[in-house]
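Have a look at the structure, try each task, and then follow the worked solution.

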Amino acid sequence: MENIYKEIGAEALDPDFCQRLATSFSFAPNRAGKPATTWEQVQSWFEDRQKESLLKVAPPSVALKLFVDLSDATLTDATFPNDASETFQKSKVKKVTDLSDLTFEAKSSRDYAWYDVSAFLSYRVLYTGELEARVRFAGFRNTDDEWVNVKKAVRERSIPLEPSECHRVKVGDLVLCFRERQELAVYCDAHVVGVQRRSHDARDCGCIFVVRYEYDGMEESVQWQRLCRRPAQ
């Protein structure tokens, strides 16, 4: 059964498959005179095996190291001091240590909004090989902790846009935009689809940015106060 689980994974939980396997076991020559194996027993064994695969939990430091190893986040010279960039390339351990000083944000599966990460609590590896981290969102209680996909829902924290930086935001860019809905106000991913440039000084910006939200495709015109840019911009 172990080999079967390794070969087909979660598909082994299918009741029809479990029934066929139970029937095969029950009619095996070495089980003559013994009680028949039920499909529920077979499914229960596979469920226990799946739980073992899902819950490979380790300390936060290991989760952070795996975030560096397995995510597609890039570490550039802009991320770290110039005189240290060579050290990071030579030593992965050093890279992990300094990365702990960075701040991250994670996307909640509850409302598809991004929140600052207060702590990486643990991690688990799914049977598909994907890495998930359990995060605590800044300003929230432990009852709001979530498991999130490291590659798809964890990234370096977005940077609030300053009036003097509006030239950094261009059509096609991904931004984090403060969106006010009827029931809540959250930061969501959006793409810039238009920019109306206007004259301004370093303390204020009158430019208008037209954004299209990834979640539902709705468009909205916003000003700089509601935008956060990605670190690479």
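**Exercise 1.** Work out the strand order of the open sheet of six strands, and find which strands stand at its edges.

*Solution.* Step one: in this predicted model, reading across the open sheet gives β6-β11-β7-β8-β9-β10, and the pairing is antiparallel. Step two: look at the two ends of that order. β6 (159-160) and β10 (219-222) each have a single partner strand, so one side of each has no neighbour in the sheet.

**Exercise 2.** Describe how β6 is joined to β11, and find the residue opposite P160.

*Solution.* Start with the strands: β6 and β11 (residues 227-229) run antiparallel and are joined by two bridges. As background, strands of a sheet pair through backbone hydrogen bonds.

**Exercise 3.** Trace the pairing from β2 through β3 to β4, naming a bridge partner at each stage.

*Solution.* First, β2 (residues 114-125) runs antiparallel to β3, with seven bridges between them. Y123 has A133 in β3 as its bridge partner. Next, look at the hairpin of β2 and β3: five residues lie between the strands, and G129 takes a positive phi near 95°. Finally, β3 also pairs with β4 (residues 146-149), again antiparallel, over four bridges. Here E132 has N149 in β4 as its bridge partner.

**Exercise 4.** Is strand β3 mostly covered or mostly uncovered?

*Solution.* Take the strand's residues, 131-137, and count those under 20% relative accessible area. Five of the seven are buried, so β3 is mostly covered.

Technical notes: Residues are numbered from 1 along each chain as its sequence is written. This is a predicted model: local features need pLDDT of at least 70, side-chain atom pairs count only at pLDDT 80 or more; totals for chains, interfaces and linings use all residues. Side-chain values use heavy atoms; hydrogens and water are left out. Two strands pair if DSSP finds at least two bridges between them. Buried means under 20% relative accessible area, exposed over 50%, partly exposed in between (1.4 Å probe, protein chains only).
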